[in-house]
Amino acid sequence: MIKKITIKNFKSIENLEIVCNENFNVIIGENNIGKTTIFEAIHLWKICYDSNIKKDKKQFYATHKNIPFRDMDFLRVYDDMDLFNDKCKPKNAELLVRLEIEYNSSSFCLGFLVSKVQNIDNAYLQVKYEDKDEFFRFADELVGQGYNLLNGVVICESRPIANIIAKEPYMYKNQILDKISKGKGYEVLRNKITKSLTHVARIEEHIKNVMEKEYKFVEVDKDNKTYIKLTVNNTNILSQGSGFLQVAEIFSSLEYTEAALYILLIDEPDSHLHTKLQKKLIEEFRAIDNSQLFIISHNDRFLNEVQDGELLFIDDKGKQSGRIEPLCPGCKNLVLNNLSGVVGAIDQLRYVDKIVILEGKSDKTFFEKMLPKYRQFLGREEPNAYIDKVNGIDTLNDKLLTYSTAFDGIVPDSAKWIVIRDTDCVPISRQPDVKGTNLGYLRATNKDLYFQKGYGIESTFLTETDMFVKLILKYYSLNNTETLTVTSMVEDLNNTYAGKVLVSTDAIHEELENHFQRQKEQRKEKLYETLRFQDMLREIDNTKISYIMTKPILDMYLAELHGRIVVIYGTSLSALKNDTLLEFYYNTISTIDDIYECHKELLERLY
């Protein structure tokens with residue numbers, strides 16, 4: 001299998017080393033970044049490889065053989081200089097393609113140097129072994145295992161297709177292999193399928209496993225040796241859909257010949273397949289022995305089936321660093337599942353000024369709702385920030401490490417990382433210690449962490465009594481003349497809850513203690529190993545009531561406030577709850593003065 005691909009001065013790639021997964025490699029990246037160029041570099045290597053095999057197929061020529069430029073037509077080049085990086089000049093145009101191959105527990109660095117012939121354009125290209133001894137050593141190993149050099153390494157490419165040629169002539173094996181290697185396997189689809197009955201049966205089984213339907217190939221009119229006529233379930237193969245044809249193309253190439261090393265290059269194998277069949281295609285690929293797959297895909301759902309260590313992301317920053325390797329374990333789900341539209345999102349990350357990591361859905365909704373309003377009121381431009389949630393705080397440290405590892409090499413080094421987390425059960429006096437611990441897991445130099453001014457985002461509404469009273473007056477449609485009365489209600493409730501939470505038999509105390517114990521059990525932070533519930537309670541008074549407001553306790557508080565409103569004013573409205581309180585707040589903001597000060601502070605973190 002290919003362990004590493006090294007490409008220098010080939011087309012848009014100046015110098016790039018690609019570390020490969022031994023079985024399954026899925027390549028993603030924005031358009032025109034060089035994904036297909038990697039496939040073409042592998043093809044160029046194979047042309048050089050085949051051209052330097054002796055007629056006995058058991059050894060390479062001692063003196064390298066050059067290759068005609070006309071053999072380059074499938075590499076998307078018009079002029080021989082099109083093969084070389086823009087920084088190359090005709091007089092010193094030289095490129096390198098090296099495959100580090102592992103076979104039979106040994107590694108072989110097989111590189112070809114390809115250069116332009118001086119004073120002759122578009123005639124042929126000069127080819128040199130980077131290390132001739134490595135090729136001879138590889139030949140000895142292959143032949144010793146019973147293979148010849150031609151079937152030692154077989155490289156096939158399948159590209160997105162929508163149809164096949166109407167009339168397909170019979171071809172010899174070498175002609176068919178040449179078509180396959182140049183990504184023109186669809187031109188010899190019938191030839192590949194009709195190789196033998198055993199061969200046909202294997203292809204039919206592959207297609208059945210992916211398409212979830214029986215297909216039977218039958219060659220008809222065999223006496224006509226000019227063109228192959230093939231039916232599928234008694235229907236001409238020309239009438240089959242694009243999805244079926246692409247699957248048939250891929251597996252007919254894969255099964256056509258036996259090889260010591262079988263390298264399959266597939267460009268967008270999901271392009272014509274329904275979503276539910278894409279998973280089946282991945283599963284079938286994984287069941288193939290003795291092969292290594294390289295796949296280009298832009299489809300999020302297809303990419304969701306890719307396992308850790310199988311995803312190669314290519315962008316300008318990675319190309320400039322000179323090295324691309326599979327995303328590390330734990331990062332794949334982050335990059336694919338937490339980003340909506342992997343390529344588009346990653347492209348956005350390349351230019352951000354800030355990465356904002358939040359705890360959960362309500363926190364992300366808060367910024368999505370509030371930023372447009374805040375920006376409008378202040379007349380500012382939208383901050384260039386990427387905002388995402390970690391879906392729970394119990395494994396915050398691990399997730400911060402995963403995020404920063406996954407985004408390493410993607411986001412600018414100058415980007416600032418901002419973590420905004422709930423206080424939960426952290427005593428206010430211990431926040432600096434926790435902040436330092438959390439930030440220690442971020443692999444970034446420019447970073448900071450901020451705590452909500454309360455248990456969570458919902459509880460922050462009780463940090464500013466005047467703003468909360470203003471909100472309650474709006475909800476119940478009360479005049480401003482009732483401000484003092486409602487303020488008295490709220491202050492009395494604050495005193496009541498500050499007292500109740502200290503009584504061990506009270507429901508408020510029990511609810512908060514249950515939350516504390518769950519936090520203590522789930523957290524992987526040293527603080528919680530020695531932290532006691534009383535450490536948290538010791539810092540609570542009627543001015544810090546927001547720090548005990550879990551969602552259930554906040555709902556109790558709002559229900560009790562509602563009861564007092566009903567007694568004095570009467571209302572047909574239902575009591576607010578933690579979620580409806582947030583939504584009502586968003587909908588009633590019409591000026592900058594309607595926004596809490598603590599919320600303005602959060603929003604300012606993004607500027």
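Which ring does the charged end of arginine 380 sit over? Select arginine 380 and tyrosine 607: the charged end lies over the tyrosine 607 ring, 4.5 Å from its centre. Bear in mind throughout that this is a predicted model.

**Helix H12**

Now select residues 361-378, which make up helix H12. This helix has 18 residues and spans 26 Å from its first C-alpha to its last, close to the 26 Å expected at 1.5 Å a residue. Look along the helix to methionine 370. A kink of about 30° lies there, shortly before proline 372. Next, colour the buried residues of H12: Asp363, Phe366, Phe367, Met370, Leu371, Tyr374 and Arg375. An α-helix has 3.6 residues a turn, so residues three or four places apart point the same way.

What covers the buried residues of H12? Show strands S16 (354-358), S17 (385-389) and S18 (416-421), then helices H21 (578-588) and H22 (597-604); the cover includes each of these. Finish with glycine 379, which follows H12 and has a positive phi, near 70°.

**Helix H22**

Move to H22. Its buried residues are Cys598, His599, Lys600, Leu602 and Leu603. Their cover includes H12, S18 and H21.

**Aromatic pairs**

Select the rings next. The model holds 23 aromatic pairs. Start with phenylalanine 112 and tyrosine 129: their ring centres are 6.0 Å apart and their planes meet at 40°, so this pair is tilted. Phenylalanine 112 belongs to strand S6 (residues 106-116) and tyrosine 129 to strand S7 (residues 124-129), so the pair ties together parts 17 residues apart in sequence. Both phenylalanine 112 and tyrosine 129 are buried.

Jump to phenylalanine 461 and tyrosine 596. Their pair is edge-to-face, with 5.3 Å centre to centre and 80° between the planes. Phenylalanine 461 sits in the loop between strand S19 (447-451) and helix H15 (465-475), while tyrosine 596 sits in the loop between H21 and H22. The pair thus links distant parts of the chain, 135 residues apart. Phenylalanine 461 and tyrosine 596 are both buried.

For another charge over a ring, select lysine 195 and tyrosine 256. Lysine 195 lies over the face of tyrosine 256, 5.1 Å from the ring centre.

**Nonpolar cores**

Which residues touch the most other members of the largest nonpolar core? Select Phe217, Phe285, Phe367 and Phe468; the core has 132 residues. Zoom in on phenylalanine 285. Not counting residues up to four places away in sequence, its contacts are Phe24, Ile250, Phe251, Ile266, Pro269, Leu293 and Ile295. Another core, of 60 residues, lies apart from the largest one; Phe10, Ile33, Phe112 and Phe135 are among its members.

**Two single residues**

Is glutamate 100 buried or exposed? Find this residue in strand S5 (residues 94-103). Its relative accessible area is 15%, so glutamate 100 counts as buried. Leaving aside neighbours within four places in sequence, glutamate 100 contacts Met1, Ile2, Lys3, Lys4, Ser107, Phe108 and Cys109.

Last stop: threonine 402, in helix H13 (residues 396-407). At 23% relative accessibility, threonine 402 counts as partly exposed.

Technical notes
Residues numbered from 1 in each chain as written. Predicted model: local features only at pLDDT ≥ 70, side-chain atom pairs only at ≥ 80, totals over all residues. Heavy atoms only, no water. Helix = DSSP H or I, 4+ residues; strand = E, 2+ residues; numbered from the N terminus. Expected span 1.5 Å × (residues − 1). Bend = angle between axes of the 7 residues up to and from the residue. Buried < 20%, exposed > 50% of the residue type's maximum accessible area, 1.4 Å probe, protein only. Contact = heavy atoms within 4.5 Å. Phe/Tyr/Trp six-rings, centres within 6.5 Å; stacked < 30°, edge-to-face > 60°. Lys NZ or Arg CZ within 6 Å of the ring centre and 35° of its normal. Core = buried A, V, L, I, M, F, W, Y, C linked by side-chain atoms within 4.5 Å.
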